[in-house]
Amino acid sequence: MSLFKRGDVWHYDFWFEGRRYFGSTRQVVRANAELVERDVKRHLRQRTAGLEPAPQVTAPRFQDWAEIHYRERAQHMTRPEFLEDNLRVVLRFWGERPMRGSVPEDPYHNLRLHDPIRNPVWIERFEAWMRARGSSPQTRNHYRSTLRGMYRTALLPAYRGASGLTVNPFRDVPRETIFERTVTVTVQQLRKWLAQASYHVRLAVAIAALAPKLRLANILSLTWADSVDPDLRYITVHRHKTMNTLRRPQVVPISEQLRIILRDARQRTRVHIVEYRGKPVKSVRGGLQEAARRAGVPFGRAVNGATFHTLRHTAASLLAELGEPEAIRKEVMGHRNIATTQRYTHLRPIHEIPAHERLAEAVPIADLVTAPRKRASNKSVGTFVGTLPGTLEETQGKIVIPEKVAESGHRM
């Protein structure tokens with residue numbers, strides 16, 4: 001049997017004559033699910049033998065397809081939990097309402113994959129629903145990408161026959177323009193932030209600040225046995241965001257200051273480097289937010305304040321101000337290309353100071369601008385008989401007043 005359970009319901013997934021068949025049995029008892037699967041296989045054999053006509057293909061429900069899409073994509077991703085989180089949200093609109101745990105405000109329309117193709121109004125309703133939830137433009141782009149990916153999976157040769165789809169209705173849905181955040185924190189703000197935080201938050205922030213190659217998920221998954229060598233010289237991360245492209249683990253040299261911090265942490269924690277009451281930490285957002293409030297540091301994207309990810313932007317900017325070459329900064333930050341490093345670098349224009357000083361030396365005007373104030377002269381321009389500066393000849397520099405104007409006494 002090729003049954004598996006998702007939640008309370010059994011699903012089938014098997015291959016027959018080079019094609020894949022999958023779906024929900026709608027059964028909560030395995031014995032009943034086995035009967036449904038046998039019936040599906042019996043109909044397939046009879047249709048293959050010409051004993052019954054092939055049924056009209058009906059696109060699967062979003063609720064069922066989300067499971068297939070996740071299983072297909074998870075094997076190619078280092079962090080499939082992000083896809084799972086996005087699927088859970090989009091199913092609040094497109095999927096079936098669960099028996100328990102749902103929010104009444106979520107619509108749960110229980111639609112099929114062909115519904116937004118036949119009636120594009122569903123896409124407009126989904127857009128309105130996302131905005132009503134208060135999702136940021138970046139988050140809405142993530143949800144659009146998730147739906148676009150579900151249809152890309154449905155159009156793969158292995159799934160196209162079962163899905164019955166030929167187009168991706170989300171392919172041409174425009175993404176929203178994202179204005180890149182340029183928020184960083186000063187060293188003084190960072191010290192205030194740390195002073196108000198709990199120990200496990202302080203430790204996570206310290207690792208992020210001194211080893212900016214590591215993201216929050218990497219830091220919270222670090223263990224003493226697998227992530228650091230006994231002499232505390234290097235941190236090694238085997239599962240990271242750029243693993244599929246770089247094809248190698250991330251290795252971070254441990255500075256002397258970070259080594260002091262980790263030696264102290266080794267006396268406090270057992271398995272994971274960052275622990276809270278002897279257990280691994282899943283999130284530090286609450287502790288970060290409370291510490292930021294006490295320290296007077298604006299926190300959260302809603303107020304254009306700092307977040308944990310701001311520490312990476314801060315490190316990239318400080319490295320640039322310290323004069324580190326771009327190629328070195330790229331490696332320290334763990335980026336795949338230099339363009340990403342440049343987006344993370346938000347310089348205070350310290351590097352522009354020498355150029356501005358040279359420009360000022362070439363344009364000596366301060367004495368004229370700061371001279372004591374005086375009114376413009378009311379004398380006639382005709383009284384000027386000097387020469388203009390520069391390479392003009394002396395006769396060319398004189399002001400010539402037409403005779404009629406001079407005789408009339410009019411002032412220019």
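**Helix 5 packing.** I looked up what the buried residues of helix 5 pack against in this predicted model. They meet helix 3 (80–94), helix 4 (115–118) and helix 6 (137–154).

**Which residues are buried.** I listed W122, I123, F126, E127, W129 and M130 as the buried residues in helix 5. They cover an arc of only 160 degrees around the axis, so they sit on the same side of helix 5. I noted the general rule: an α-helix has 3.6 residues a turn, so residues three or four places apart point the same way.

**The other face.** I then turned to the face directed away from the buried side of helix 5. Exposed residues E124 and A132 are carried there.

**Length check.** Helix 5 runs over residues 121–132, which is 12 residues. At 1.5 Å a residue I expect a span of 16 Å, and the end C-alpha atoms are 16 Å apart, which agrees.

**After the helix.** G134 follows helix 5. I read a positive phi for G134, near 80 degrees.

**Largest nonpolar core.** I found 38 residues in the largest nonpolar core. Those with the most contacts inside it are I207, L214, I235, L262, I273, V274 and F308. Elements that each supply at least two residues of this core include helix 8 (187–195), strand 4 (234–237) and helix 14 (285–295). Helix 9 gives the largest share, six residues.

**V274.** Which residues does V274 touch, not counting those up to four places away in sequence? I got H200, L203, A204, I207, I219, L220, P280 and V281.

Conventions:
Residues are numbered from 1 along each chain as its sequence is written. This is a predicted model: local features need pLDDT of at least 70, side-chain atom pairs count only at pLDDT 80 or more; totals for chains, interfaces and linings use all residues. Side-chain values use heavy atoms; hydrogens and water are left out. Helices (H or I, at least four residues) and strands (E, at least two) are DSSP runs, numbered from the N terminus. The expected span of a helix is 1.5 Å times one less than its number of residues. Buried means under 20% relative accessible area, exposed over 50%, partly exposed in between (1.4 Å probe, protein chains only). The arc is that of the directions from the helix axis to the C-beta atoms. Contact means heavy atoms within 4.5 Å. A nonpolar core is a set of buried Ala, Val, Leu, Ile, Met, Phe, Trp, Tyr and Cys residues joined through side-chain atoms within 4.5 Å.
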